[in-house]
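Hi everyone, thanks for making time.

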Amino acid sequence: MSGINVYAHYTCEGEYPDLDYAGAAERLAQAISCRTIDRGESTDEAPFERLHALVRSSYPHVMAAADVEEVGRSLLITCPGTDPSLPCALLLAHQDVVPVAPGTESAWRHGAFAGHLDESHVWGRGALDIKDMLMGELEALEYLLARGDRPRRTVILAFGADEETASTGATRLAAILEGRGVRAAWLLDEGTTTMIDGAVWGAPGYVLADVCVSQKGYLDLRLDARGEGGHSSNPFGGTSLERLCTAVARIAEARPAPSLTPIVRDTFRALAPHVAEEPLRTLVKDVDANADAIAGLAAARRELHPFVMTTMAVDMLEGGSAAPNVMPGDASATVNFRLLPGTTADDVLAWVEGALGGTGVTATLLHATPAGRVDSAGKAGYAEVAEALTHFYRDVEVVPSFVCGGTDAIRYEAVCDSILRVIPFRPTPEEVATGVHGVDERISRRTYAQGIRVLVRLLEKTVL
């Protein structure tokens, strides 16, 4: 990744010369200055209200053409098309951002919510995740409306307010659209941001951009082991921590073998002509026949591991003793699983409970979000998104993939048959590595402008 010069792939930067790129950067900086952090019932409403006011004042043509609804802290903006028989285009983004990690405030070159703008970058929390997408979608639609275009297809912008926490805003917006009988031809939401070195997939010399057509599921389980404490000189039957560690080891050993989902099979098929590394080069000549061998090779690579595995991460341990000669009481571990598309929470529970037999350790489901529906590159919008990306990013291969994290998009499956997850903004790998949920989040003016161009072209090709 560090070897990719993303700017070397930028092209057609002279298109849409009348778009107000300087003003767009200023408006993004103002949006970043709104400290839109969701904290459930204790959320400060004022930053969201300021962001809503900024949207209303910054995009007069959108405001004149569209119906704008505030649904709690979420926003639903509907710009009617001239042909109501056509299914709509649905653009998503979320308003909320993650807080700054305590103790890192002084490490920021500019305040995380200062909305600092200099000659090269817009700085602050949300610059990449994902106020760039929220404001960029508005910039693209405003530009088309301002130049006199009237969309044939209705365009709906749905901006939830708690994607980083509970996604209740998106759930509510999706329910409203479903209740109104809205049908979307395609949906665009956040996905991967960076360009990918094809060497990871056995195709050195190629640079990839993936359009994600699903997302992994999410599952938290708590494992509980009972303990009575007491003197450690007689740990008959093992301590609670010992039984808990045994249980974790058994679960890890019982993990299903790596597998190729239909999406990753399509990824390898798309890359097959470019794969030069053996034994992958031979194996991808028949992906289906060699799926197990390919999955095994991919699982051994850090970058590809989550694409072929339902992963488990033991992230929390509670209940240890305060002294080495005192046995602990009750102990627990919390395990986070990320489920491959096609794998359900029940599948994981069955695997875990089978592994726990005889340990005396119990498993409790704390939270689960299912994996996304598996769409395909053949569905509506995919070809147009790929065309817009390759038009502005030259010498880049677009391949199907899925998001290893979660997005609001899954909430809209009932109103849309084709869900596409990709961010059109392509920052440097260094900016992504340090900035997303980290310190010094920022986006270059050049990156922001190029992503807006992608969105304008996409709308030109799909809604006008």
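For the cut-offs, buried is under 20% relative accessible area, exposed is over 50%, and partly exposed is in between, with a 1.4 Å probe and protein chains only.

Before going on, a word on what we're looking at. This is a predicted model, where local features need pLDDT of at least 70 and side-chain atom pairs count only at pLDDT 80 or more, while totals for chains, interfaces and linings use all residues. Residues are numbered from 1 along each chain as its sequence is written, and side-chain values use heavy atoms, with hydrogens and water left out.

Okay, back to Arg56. Its side chain meets that of Glu70 in a salt bridge, 3.5 Å from N to O. By salt bridge I mean a side-chain nitrogen of Lys or Arg within 4 Å of a carboxyl oxygen of Asp or Glu. This pair links distant parts of the chain, with Glu70 in strand β1 and Arg56 in helix α2, 14 residues apart. Helices (H or I, at least four residues) and strands (E, at least two) are DSSP runs, numbered from the N terminus. Glu70 is partly exposed too, with a relative accessible area of 44%.

Now compare Asp38 and Arg73, whose side chains meet at 2.5 Å, N to O, in another salt bridge. They sit 35 residues apart, Asp38 in the loop between α1 and α2, and Arg73 in the loop between β1 and β2. Asp38 counts as buried at 12% relative accessibility, and Arg73 counts as buried at 18%. In total, the structure holds 21 salt bridges.

On to the sheet. Four strands make an open sheet in the order β10-β11-β9-β12, with antiparallel pairing. Two strands pair if DSSP finds at least two bridges between them. At the edges are β10 (311-318) and β12 (362-369), each pairing on one side only. Between β9 (residues 217-225) and β12 there are seven bridges, and Leu223 has Ala363 in β12 as its bridge partner.

Then look for helix α11, residues 345-356. This helix lies across β9, β10, β11 and β12, at about 25° to β9. That's contact in the sense of heavy atoms within 4.5 Å, and axes are lines fitted to C-alpha atoms, for helices over the stretch in contact, with angles from 0 to 180 degrees between N-to-C directions.

Which residues are buried in helix α9? They are Ala291, Ile294, Ala295, Ala298 and Ala299. Seen down the axis of α9, these fall within an arc of 135°, so they line one face of the helix; the arc is that of the directions from the helix axis to the C-beta atoms. Among the elements covering them are α7, α8 and α10.

Last, the inside. A nonpolar core here is a set of buried Ala, Val, Leu, Ile, Met, Phe, Trp, Tyr and Cys residues joined through side-chain atoms within 4.5 Å. The largest core has 100 residues, and Leu138 and Leu188 touch the most other members. Helix α4 (residues 131-146) gives the largest share, nine residues. A second, separate core has 21 residues, including Leu219, Val248, Val348 and Ala355.
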